[in-house]
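Let's take a friendly walk through a model together. Have the sequence and the 3D view ready as you read.

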Amino acid sequence: MTFVLATLFAGLVSVDRFAAFNFMLSRPIVVSFILGLLFGNPQECFYIGLVFEAVGLIDVPFGTRIPKEDSFGAFAACTLFAILPIEHADEFVLGFLLSILFMFPVTLSCTIGRTLNKKLFLWQHKKGKVNTELLLTLGLFLAFIRGVIVYGLGTCLIYLLYNHLHGYLHRHINLFLFAIMIFTFLSGYILRFLSVRSFMKYATFTAGLIAGWALL
Amino acid sequence: MKILWLLIKSLFYQANLNHENMQGTGFSSMVKSAAKAKGVDLDEDTIYNETAYFHTHPYLANFILGMWVKEYQKDGEPDFYKKVYSSAFGALGDSFFWHSLRPLCFIVAAILGFNSPVLGLVTYLVLYNMLSLAFRFTGFSIGYEMGRDVIVFFNRINFNRWSSYLDNVSKFMLGFLLSFLVKESVGFNPLILGVLTVYLLIGLAIGRKLDIVFGLVGMLFITGFFLYFTGV
Amino acid sequence: MKKVIFRVDDRLIHGQVIEGWVKYFKINNVVLVSDRVNGDPLQTMIYSSSLPPGTNLTICSMAEFLTSFNFKKYNKDFVLVLVESIDELYEAKGLLNEDVYINIGCVACREHKIEVSNTVFLNPAEIEKVCDIRDDYEVFIHKVPWETSVEIRNFTDLLEGNL
C-alpha cells in the first residue's frame, strides 16, 4: 500500500513540476518530507532532501530550459534508503550516485514529454482548429503517467543496480554527517547563486552562522 | 463564479507546454473563459490566434490575461502588450519566485522541519503558496482594472526589489541553518568543523566554474573516502 | 567571458536574460537596441521595471546605437547589448569585433522557419546572415552561461536545420 501511494505521489509530483499547479509539491525537500512520513524514516529522508534541494535550487527553470530532475533524485534516494539497510560509506556513495545518475534519463523524459505536447499541438494546428481543452487534458494525463512510470521504473532500476553493485565494506558511518558535509559543500553553490553584493553576502552569511550557533 | 473557474483553470494552463508555442495553448484556453467572464464574445479566429507562441512566468500570467481582455474590449493592442508583458513578467517572476522565494522557503522549512517534518512541510507549502496564490488570484482583476498600464502596480509595490531583499534574508538564514544542523547533529568537533569550512570554501570557489552535479559527484566520493578512512 | 555581449533575443528582457546573464555575470549595463521600444514611454517603463535594482538600462534606436555605441565606455564592466532579430545583429555587424561575445539566445518559432535549436528558429535568409557574420567572428547559440554553448560552424548543416 505504501508503495502504491508513493507511486501515485510520483504522478502528482510530475504534474506539479511539469504541467499544472506549481504548488512546489515537487521540490525535493517537500518530496522528502512526504516520503519520510510515508515510509516512517523522516530523519533520513530530511537529510537526503537537503542535498537534492540544494542541487535543484540553483538549477532553475528559467524561460525554456528544462532543469535536472531533482524531484526524481529525492524520490529515488528516499525510497532506496527506506527499503534498504544502507549504513556503510560505500553504500551511501553508491545510493546517492545512482540517484544522481538516473536524474539524467528522467530529465530526458521531460524533453520527450514536451516533444509529445508539441506533436499533439501541431496535429491540432494542421486541422486549422485547436481544441485547447483536449490538449491540456492530454498534457495533464501525460505528465501524470510520466511520473508514475518513469519515477517508478527509475527507482526500480536503481534498486536492482544497487543490489547488483553494492560492495562488501562494512564500516558503519553516520548518514547525517555525510549529508551535512555534502550540503555544506553545496551551500557554497547556493551562496554564489544568491545575488547580493559580495561584502554584504559574506557578512550576512557569517552573521547567520554566528547567530545559528549562539542562539540554538 | 466564472472568475473562480477561470482562476482554477489558470492552475492547469501549462499542461501543453512545448517548444512550438510554449504556453500558447493554455493562454488561448484561458482567454476564452476570461472573455466570457467579462461578457465579451470572441470569434473562433481570435481564439485560434491566441495559441501562438506565448511564455511568461506562470504565477503572473493572469495579469496578462486581465490586461488582454481590457485591451481587447477597448480596441487597444492586446497582442502587442501581451508579448511585451510576457517577457517582462517572465523576468520579474523568475527573479522573485524561482530565484529568491524558493531558497528562503527551503531554508525556513529545513530549520523547522528538522525536528518535525510535518511542520517543515506545512511551512514550506504555506509560505510559498501564500505569495504565489495571492499573485495568481488577484492577477486577473488587477490586470483587467489597469489594462496595459498594469506595470504601474508592480512599480507601486517595488516588486523588482523584493528579490534582493529576500536574497539578503536567505543568506543570513543559510548560515543559521548550517550552524544549526552542525550543532544539532555533530556538536563541537574541531576536526569536523575544519573539514566543513574547507567544504564550504571549495563550494564557493568552484560554484560558478563547475556544474553542480559534477561537483556533487566528486564530493560524494571524497566524503565517502574521508568518512571511511577516518571512521568519524 | 568577454565583457561585451551581443545577444539576439526576440523577447528582449525576460527570465533567462536576467537570471542567466545579468545576475550571473553581475552585469550593470544593459543596452536595448530597438526601434519599437525606443521613444515609447510605456514600453520603456515596462522593461526598466523588469531589471534588478542597480542595473542601468539604455534604450536606443538602431541608428543611434550605430553612431553612438562606445566600447571604451564599458572597458571594465560587463555590457549586454540586446537586439530583437538576426537582421538587427547583421545591421550592427560593423560594430562587432573579436572582443564581442555574439550570442543567439531565443528566436521563437514562426511559420516557415527552420528549427536550429529548441529555442532558435530561423529562416534561410537569417541563416545566410548568421553565416556571413560567422565568416569573421565566432557565433554561439547559448541560452544560459552554465549550459553548453553551441558554436555555429557547419553552414550546410545549419541550412538543413541539423545543427
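## A leucine that meets chain B

Leaving aside residues up to four places away in sequence, A:Leu209 touches B:Gly175, B:Leu178 and B:Ser179. Keep in mind as you look that this is a predicted model.

Where does A:Leu209 lie? You will find A:Leu209 in helix 8 of chain A, which covers residues 198-215. Is A:Leu209 buried or exposed? A:Leu209 counts as buried because 20 other C-beta atoms lie within 10 Å, and 20 or more is the cut-off for that label.

## Two helices side by side

Two packed helices are described by the distance between their axes and the angle between them. In chain A, look at helix 2 (residues 28-39) and helix 3 (residues 42-58): their axes come within 7 Å and cross at roughly 165 degrees. Angles over 145 degrees count as roughly antiparallel, so helix 2 of chain A is roughly antiparallel to helix 3 of chain A.

The crossing of these two helices is right-handed. Helix 2 of chain A brings residues including A:Ile29, A:Phe33 and A:Leu37 to the contact, while helix 3 of chain A brings A:Phe46, A:Ile48 and A:Phe52, among others. Sorted by class, this contact has 11 nonpolar, 4 polar and 1 charged residues.

## Where chain C meets chain A

Now turn to chain C, where 12 residues are in contact with 6 residues of chain A. Helix 1 of chain C (residues 15-22) gives the largest share of chain C's side, 4 residues.

What classes make up the side of chain C that touches chain A? That side has 2 nonpolar, 6 polar and 4 charged residues.

Note on methods:
Residues are numbered from 1 along each chain as its sequence is written. Chains are lettered from A and ligands numbered from 1 in the order in which they are written. This is a predicted model: local features need pLDDT of at least 70, side-chain atom pairs count only at pLDDT 80 or more; totals for chains, interfaces and linings use all residues. Axes are lines fitted to C-alpha atoms, for helices over the stretch in contact, and angles run from 0 to 180 degrees between N-to-C directions. Angles under 35 degrees count as roughly parallel, over 145 as roughly antiparallel, 65 to 115 as roughly perpendicular and the rest as oblique. A crossing is left-handed if the near helix is turned anticlockwise from the far one by less than a right angle, and right-handed if clockwise. Two residues are in contact if their C-beta atoms, placed from the backbone, lie within 7 Å. Ala, Val, Leu, Ile, Met, Phe, Trp, Tyr, Cys and Pro count as nonpolar, Asp, Glu, Lys and Arg as charged, and the others, Gly among them, as polar. A residue is buried if 20 or more other C-beta atoms lie within 10 Å of its own, exposed if 12 or fewer, and partly exposed in between; C-beta atoms are placed from the backbone.
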